[in-house]
Amino acid sequence: MPAVSLDRVSLTYVTASGTIPAVQNLSLDIERGSFVSILGPSGCGKSTLIKMVAGLLAPSAGAAKLNGETVTGPRKDVGMVFQQPTLLPWKSVLDNVKVPLRARGLDAKACDLRARQMLELVKLAGFEKNYPFELSGGMQQRVGIARALIHDPPVVVMDEPFAALDALTREQMSLELQRLWEHSQKTVIFVTHSIHEAAFLSDRVIVLSARPAKVVKDIRIDLPRPRNVETLADSAFTELCNELRSELYAVTGALDGKR
Amino acid sequence: MRLFYPLVSFATVILLWEVAIRIFNVPNYILPNIGQVLESLQTGYIDGSYWPHLSFTLTATVTGYLSGAVVALVLGAVLAEIPIVERFVFPLVIAIQSMPKVALAPLVIVWFGFGIESKIVMVALICFFPIFVNVIVGLRSVDPNLVDMMRICGASRLDILREVKLPHAASPIFAGLQIAVVMGLIGAVVGEFIASTEGLGFLIQTGSNALDLGTVFAGLISLAVIGVCGTQLLRFLHTRIVFWDRKSFGSVAAGEG
Ligand SMILES: Nc1ncnc2c1ncn2[C@@H]1O[C@H](COP(=O)(O)OP(=O)(O)O)[C@@H](O)[C@H]1O
Ligand SMILES: [Mg+2]
């Protein structure tokens, strides 16, 4: 049974100025333990899709399923990383990481050790007492990742987690993320609009059409793991990127580099 | 060093004041000189006849302010959180808000009498709106991603209100609380003008009737001191409590680095 499956899901936003179909009749199965990227033009419905998996939005039709169970609301077995770090500015780094445990009723002491371990894992040991505004963007996003993983959810969804970071930090964060995921056996759904990020990290890349989102291409990435800086220079990697780029250009209608 | 600029400004104003009185020969029932004002302050506060008035106005303002603030916080939170309540209550609030509250003073006196109660009600009524509006705006302007994050983490609506929305709204609420200090004083003084036998408003009015402008100015200065102290106290609390939101402190935080 797939870890995550989308069964003909549609979602239409209803606003004062009319209805916006964001996702239409989309089906997708995601294998347990795999790292899957969702690649699509901006505004095509990627966030909407991932929010249905996370139980934040209810599909207008169809169903999102985890282990075959229909998702009806936020669940304990899903962690989420947002595009912005989305930290509580009035809480210390340590307390921010504890939020998922505290909200589920654990007292502060009981989750202390676990929170410290998580911070060590994302290389933020020593910053427990700092406040988010005292950290760089990359460090803040690490806190967001530690928070998403603290209750050890088998499924993690990430919505363009590195989009707000500079190019170099982004590359480093990709390597870090690979390290965190590698032996975790977690299923990761990683939304991005970066072709390189998708090809570098994933077992599989799903290319979505412009809004309303439909699957237009499903590409397997068989590059050997662990991937590293040399992978980026590999000709197989470059070829995959080119293939993804032409798919993406096709859906945005910007063929031959014209816009 | 922080006192240097205000001291120079005040000294200049006082100097110009004195010079103007001498040059234009202004009679003291139009504009008293500094000596007269100081004398009124001295006799009033050292001999003690002003203290009951100060205490009356202060009590009315603080009590009214706190009650207005509590009601504004609770009602604001209920309105912001429960849409159906908002739909019923908001039109009423808008209607009352568009009315100048001082116009309600005679009515408040009829209902609550000549004593301190009517002053407290006036203060509460005037303080309520700036705080109420800021509570609603503050609770509404929370980043929806933070709310999503809390939901993912399994938080209940009450958790989200307490742990995310209220702290987020703290800065706008403090802005409202700060405005309400000075507005609350207006309420107390208007109440005292209309019907009272005590308070700084009463003092100013009797001084003016007796053409004793030294007393009038002494009353005005006392009100200004209350206003400045109240505002500064709230600024201090704001920077202390909302420590994470540096940009909303303005010059206060910048000056203290
Ligand atoms: N809350 C909302 N209300 C109305 N329309 C929305 C809302 N959220 C997103 N949309 C619209 O749905 C489309 C898909 O949005 P989104 O899923 O955020 O796209 P992506 O994440 O791929 O950039 C966009 O056109 C956006 O304008
Ligand atoms: Mg998005």
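This is a predicted model: local features need pLDDT of at least 70, side-chain atom pairs count only at pLDDT 80 or more; totals for chains, interfaces and linings use all residues.
**Stop 1: the ligand shell**

Now colour by residue class.

**Stop 2**

Select strand S1 (residues 4–15) and strand S4 (residues 61–66) of chain A. The two pair in the antiparallel sense, over 5 bridges. To see them side by side, pick Asp7(A): opposite it stands Ala63(A), in S4(A).

S4(A) and S5(A) run antiparallel and are joined by 2 bridges. Click Leu66(A), then its bridge partner in S5(A), Glu69(A). S4(A) and S5(A) form a hairpin, with 2 residues between them. Zoom in on Asn67(A) in the turn, where phi is positive, at about 55°.

**Stop 2: the cores**

Hide the ligand and show nonpolar side chains. In soluble globular proteins, nonpolar side chains tend to be buried together. Here the largest nonpolar core has 79 residues. Among the residues with the most contacts inside it are Leu39(A), Val53(A), Val97(A), Ala146(A) and Leu244(A). Colour chain A by domain to see where this core comes from. Domain 1 (1–77 + 155–165 + 172–259) and domain 2 (87–152) of chain A each give it at least three residues.

Which residues does Val157(A) touch, leaving aside those up to four places away in sequence? Select it and look around: Ile50(A), Val53(A), Ala54(A), Val78(A), Met80(A) and Ile189(A) are its contacts. Val157(A) and Ile189(A) are themselves on the list of residues with the most contacts inside the core.

A second, separate core has 49 residues. To find it, select Val37(B), Ala124(B), Ala180(B) and Val189(B), which it includes.

**Stop 3: Phe127 of chain A**

Go back to chain A and pick Phe127(A). This residue sits in the loop between helix H3 (112–121) and helix H4 (137–149). Not counting residues up to four places away in sequence, Phe127(A) touches Val93(A), Leu119(A) and Leu135(A). Then draw a distance from Phe127(A) to Asp222(A), 95 residues apart along the chain: their C-alpha atoms are separated by 37 Å.

**Stop 4: chain B**

Switch to chain B. The chain has 11 helices and 0 strands. Its C-alpha trace spans about 75 × 50 × 30 Å along the principal axes. Of its 257 residues, 36% count as buried. Among its contacts with a separation of 6 or more, 74% join residues 24 or more positions apart.

**Stop 5: where the chains meet**

Show both chains. In contact here are 14 residues of chain B and 17 residues of chain A. Select helix H7 (144–152) and helix H8 (157–194) of chain B: each supplies at least two residues of the side that touches chain A. H7(B) gives the most, with 7 residues. Finish by colouring this side of chain B by class: 9 residues are nonpolar, 3 charged and 2 polar.

How values were computed. Residues are numbered from 1 along each chain as its sequence is written. Chains are lettered from A and ligands numbered from 1 in the order in which they are written. Two residues are in contact if their C-beta atoms, placed from the backbone, lie within 7 Å. Helices (H or I, at least four residues) and strands (E, at least two) are DSSP runs, numbered from the N terminus. Ala, Val, Leu, Ile, Met, Phe, Trp, Tyr, Cys and Pro count as nonpolar, Asp, Glu, Lys and Arg as charged, and the others, Gly among them, as polar. A residue is buried if 20 or more other C-beta atoms lie within 10 Å of its own, exposed if 12 or fewer, and partly exposed in between; C-beta atoms are placed from the backbone. Two strands pair if DSSP finds at least two bridges between them. A nonpolar core is a set of buried Ala, Val, Leu, Ile, Met, Phe, Trp, Tyr and Cys residues joined through C-beta atoms within 7 Å. Domain bounds come from an automatic or database domain assignment.
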